[in-house]
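Hi,

Here is the structure I said I would pass on.

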Amino acid sequence: MILCALVVVGGFFGDEGKGKIVSYLAFRDKPKIVARGGVGPNAGHTVVFNGKSYKLRQLPSGFIHEKARLLLGPGVLINPKVLLKEISETNINPRRVGIDYQAGIIEETHIERDQKKDLKGRLGTTGTGCGPANADRALRILKIARDIDVLKDFLTDVPGEIHEAIENDEKVLIEGTQGTFLSLYHGTYPYVTSKDVTASAICSDVGLGPKFVKDVLVVFKAYVTRVGAGPLPGELSEEEAKKRGWFEIATVTGRKRRAAPFNYELAKRAVMLNSATMLAITKLDKVFPEVAGVRDFDKLSDEAIMFIKNIERKVGVPVKIISTGPDLQDTIDLRD
Ligand code: GTP
Ligand code: IMP
Ligand code: MG
């Protein structure tokens, strides 16, 4: 058995561009399985491929590699309506999708509770029902996927499928959601999501033990954004964020994202908490417009290369993937 699992997680507050990076890795590496961990449909990932843009909240972003099995682990929350809509919108073969028997189910009541003052109002949650569903799971009253008729054709043993692939030396890509500082344990509590989302937790979500992980790729955007309440060191005014081209609108909630320059202290801590072995930097073209669409490291500007080298020097882990545009092929891959 050779170790062949790659785990991808966000290094800041989510929205680092994991959707883009995971879709590129699936396209390039052709894994047998892309399995999603993380909280649930509070996440929004954007995948741009062949001129088409997809917004995903439940399906793994690696769906564009047509041979990949697409799995949702027992730690992930499922909103069946959202999932079925995405299967139909992406036009994938539904037989590629597997949901673990024990994945938790979001119902209308969870969404209603999440929309209230104490959650959406106080913390700026996404209002998608994830926090109340995880609370019900802790109380052991949450329904799980095996209780839900519309999911019966998708049910599977996700940890079992992943381990079988690893035993057969097949590549496995594990996709995290949210970002390190939204972790319930390691983030800016109470302004965090409803569980841990660092690499260890993402592996646990899909039933992958720590000894089977080959690499942990932490994704950083070339600047920092955050939606909802909570501290954001170095936060820029909306006007300044617009001037720099860093002003963004959230994929799931349509809210404005707050923005700040790249934060080396947070990056260092994210590397530590996730045991990163490599980094990806996205949206380099939003800091250095001259690098837009560049796919060759030697064609980057000196300033952009200095920025990358500086990150490597300060956090002590190599940058192996650089994203210079929305299309999954606008990517520089420096892996061996
Ligand atoms: P995750 O939640 O980490 O998956 O990030 P996201 O997919 O939510 O990122 P988001 O939706 O904020 O992405 C915003 C837009 O940026 C999308 O249209 C992406 O296709 C696009 N994008 C991703 N990477 C790059 C990049 O390197 N350069 C540019 N210009 N756009 C990018
Ligand atoms: P919840 O996860 O919906 O409970 O929201 C808690 C906090 O996490 C809020 O600040 C949300 O904006 C944030 N959050 C949750 N998921 C994401 C994500 O995928 N991207 C960015 N922020 C997120
Ligand atoms: Mg997102």
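**Salt bridges and the metal site**

K143 and E107 form a salt bridge, with their closest N and O atoms 3.2 Å apart (the rule: a side-chain nitrogen of Lys or Arg within 4 Å of a carboxyl oxygen of Asp or Glu). That pair links distant parts of the chain, 36 residues apart: K143 sits in the loop between α5 (130–138) and β9 (155–156), and E107 in the loop between β8 (104–105) and α3 (108–114). Helices (H or I, at least four residues) and strands (E, at least two) are DSSP runs, numbered from the N terminus.

Before you go further: this is a predicted model, where local features need pLDDT of at least 70, side-chain atom pairs count only at pLDDT 80 or more, and totals for chains, interfaces and linings use all residues. Residues are numbered from 1 along each chain as its sequence is written, chains are lettered from A and ligands numbered from 1 in the order written, and side-chain values use heavy atoms, leaving out hydrogens and water.

The salt bridge count comes to 23. D333 and R335 make one at 2.8 Å between the closest N and O atoms, and D15, K221, E248, R257 and K283 are linked in a network of them.

D15 turns up again at the magnesium ion (ligand 3): its protein donors are D15 (OD) and G44 (O), 2.0 to 2.1 Å away (donors are N, O and S atoms within 2.8 Å of the metal, 3.2 Å for Na, K and Ca; water is not among the atoms, so sites may look incomplete). D15 lies in the loop between β1 (5–10) and α1 (18–29) and G44 in the loop between β2 (33–36) and β3 (45–49), so the pair ties together parts 29 residues apart in sequence.

Cheers
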